[in-house]
Amino acid sequence: MRRRRVLAGGAVAAVVGVLAVTQFGIFDDTVKEITLPLRHEDIIRQQAADKDVDAALIAGVIYAESRFVDQTSEAGARGLMQITPGTANEIEERSGGTTFDPATDLSDPQINIQYGTYHLRELLDLYGGNEVAALAAYNAGPGKVDEWGGADIEVEHIGYAETREYVDTVLTKREEYRHNYARELGLD
């Protein structure tokens, strides 16, 4: 009798679990958070509006650079958008900043996303709005993009396989962020 109650209780729990997953999307939300994380959407929305850059594109860059986890690369790039201290110092100088500390500020999501978006906006302007060229330059540098065709570059013209994959990843993730997080990114 006790065994029958335990089995019945387990069956009820399983049914409730299945209903929660299918009816309320709990499983979908968990999978989405693992496979397509989003953090700091308030900062992303603000920087997108301030610098006239697609919020989903910013999220795609962050995904490709860091998967939304603060980190430092072997090359010394730091934070969510993987900004090098040298690039950050140049951005500070061009943008009129006066209190930037590369030792600590690149780990601050607000500053990192602000500087990364500023840099992305500059690259978009440099390459006449060509997102492929801007993203390739974000990854490999403007000098390489100029060698590959500058503002006229297409993905297949990118000379580094790693940079081609980076650009493809950002553009694919941008579409996924638009589809899955339109409300959070202020795109609806």
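The largest pocket is lined by 21 residues, and E65, Y138, N139, A140 and Y166 lie nearest its centre. A pocket here is an open set of points on a 1 Å grid over the protein atoms alone, with protein on both sides within 12 Å along at least five of seven lines, and lining residues have an atom within 4 Å of a point. The model is predicted: local features need pLDDT of at least 70 and side-chain atom pairs count only at pLDDT 80 or more, while totals for chains, interfaces and linings use all residues. Residues are numbered from 1 along each chain as its sequence is written, and side-chain values use heavy atoms, with hydrogens and water left out.

The space in the largest pocket comes to about 500 Å³, a volume being the space filled by probe spheres set on grid points joined across faces, edges and corners. Its lining has seven nonpolar, seven polar and seven charged residues; Ala, Val, Leu, Ile, Met, Phe, Trp, Tyr, Cys and Pro count as nonpolar, Asp, Glu, Lys and Arg as charged, and the others, Gly among them, as polar. Helices α4, α5, α6, α7 and α9 each supply at least two residues of this lining.

The chain has nine helices and zero strands, assigned as DSSP runs (helices H or I, at least four residues; strands E, at least two) and numbered from the N terminus. Of its 188 residues, 40% count as buried, that is, under 20% relative accessible area with a 1.4 Å probe and protein chains only.

Beyond its neighbours within four places in sequence, Y177 is in contact (heavy atoms within 4.5 Å) with L36, P37, L38, A56, A59, G60, Y63, F68, A182 and L185.

T117 is placed in helix α6 (residues 109-126). T117 counts as buried because its relative accessibility is 0%. A polar atom of the T117 side chain lies 2.7 Å from the backbone oxygen of I113. With neighbours within four places in sequence left aside, T117 is in contact with Q47, K51, V53, I58 and M81.

Key:
Buried means under 20% relative accessible area, exposed over 50%, partly exposed in between (1.4 Å probe, protein chains only). A polar contact is a pair of N or O atoms within 3.5 Å; within protein, one must be able to donate a hydrogen and the other to accept it, and residues adjacent in sequence count only if both atoms are side-chain atoms. On a 1 Å grid over the protein atoms alone, a cavity is a set of points where a 1.4 Å probe fits but cannot get out, and a pocket is an open set with protein on both sides within 12 Å along at least five of seven lines; lining residues have an atom within 4 Å of a point.
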